[in-house]
Amino acid sequence: MNLTGGIVLFAVIWFMVFFVVLPIRFQSQDEAGHIVPGTPASAPHEVNLKKKALITTGIAVVLWGVIASIILSGVISIRDLDWFGRIKH
């Protein structure tokens, strides 16, 4: 894995984790009992985007470290994922 591959892997992991973390502890304006005029009742009451981005980054760094070490160590290679035998040896 080269530098570009590592960056792309981290970006994919980060966004996947972000979309999992985003709805955690979500409270809508309707549930909070305070609806801002001009917004739907299902809009978030408090976004906490910075906190969720930091949590996402921490989780993504750990996952990226595990996945990158597996790739770099050679425990799992692309040939292990060749279930149909299309890669020539």
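Me: Are Trp14 and Phe18 buried or exposed?

Reply: Buried means under 20% relative accessible area, exposed over 50%, and partly exposed in between, with a 1.4 Å probe and protein chains only. Trp14 and Phe18 are both buried; for Trp14 the relative accessible area is 17%. This is a predicted model, in which local features need pLDDT of at least 70 and side-chain atom pairs count only at pLDDT 80 or more, while totals for chains, interfaces and linings use all residues. Residues are numbered from 1 along each chain as its sequence is written, and side-chain values use heavy atoms, with hydrogens and water left out.

Me: How many aromatic pairs does the structure hold?

Reply: Rings of Phe, Tyr and Trp (for Trp, the six-membered ring) pair if their centres lie within 6.5 Å; planes under 30 degrees apart count as stacked, over 60 as edge-to-face and the rest as tilted. The structure holds four such pairs. One of them joins Trp14 and Phe15 edge-to-face, at 5.1 Å centre to centre with 80 degrees between the planes. Trp14 and Phe18 form a stacked pair, at 5.0 Å and 15 degrees. Phe15 is partly exposed, with a relative accessible area of 46%. Trp14, Phe15, Phe18 and Phe19 form one aromatic cluster.

Me: Why are Trp14 and Phe18 separated by about one helical turn?

Reply: An α-helix has 3.6 residues a turn, so residues three or four places apart point the same way. Trp14 and Phe18 are separated by about one turn because they are four residues apart in helix α1. Helices here are DSSP runs (H or I, at least four residues), numbered from the N terminus.

Me: Which residues make up the largest nonpolar core?

Reply: In soluble globular proteins, nonpolar side chains tend to be buried together. A nonpolar core is a set of buried Ala, Val, Leu, Ile, Met, Phe, Trp, Tyr and Cys residues joined through side-chain atoms within 4.5 Å. The largest one has seven residues: Leu9, Ile13, Trp14, Val17, Phe18, Val21 and Ala60. Helix α1 (residues 3-21) gives the most to this core, with six residues.

Me: What do the buried residues of α3 pack against?

Reply: Contact means heavy atoms within 4.5 Å. In α3, Lys52, Thr56, Ala60 and Ala68 are buried, and the buried residues of this helix pack against α1. Leaving aside neighbours within four places in sequence, Phe18 is in contact with Leu49 and Thr56.

Me: What follows α3?

Reply: Gly74 follows α3, and its phi is positive, near 90 degrees.

Notes. Helix = DSSP H or I, 4+ residues; strand = E, 2+ residues; numbered from the N terminus.
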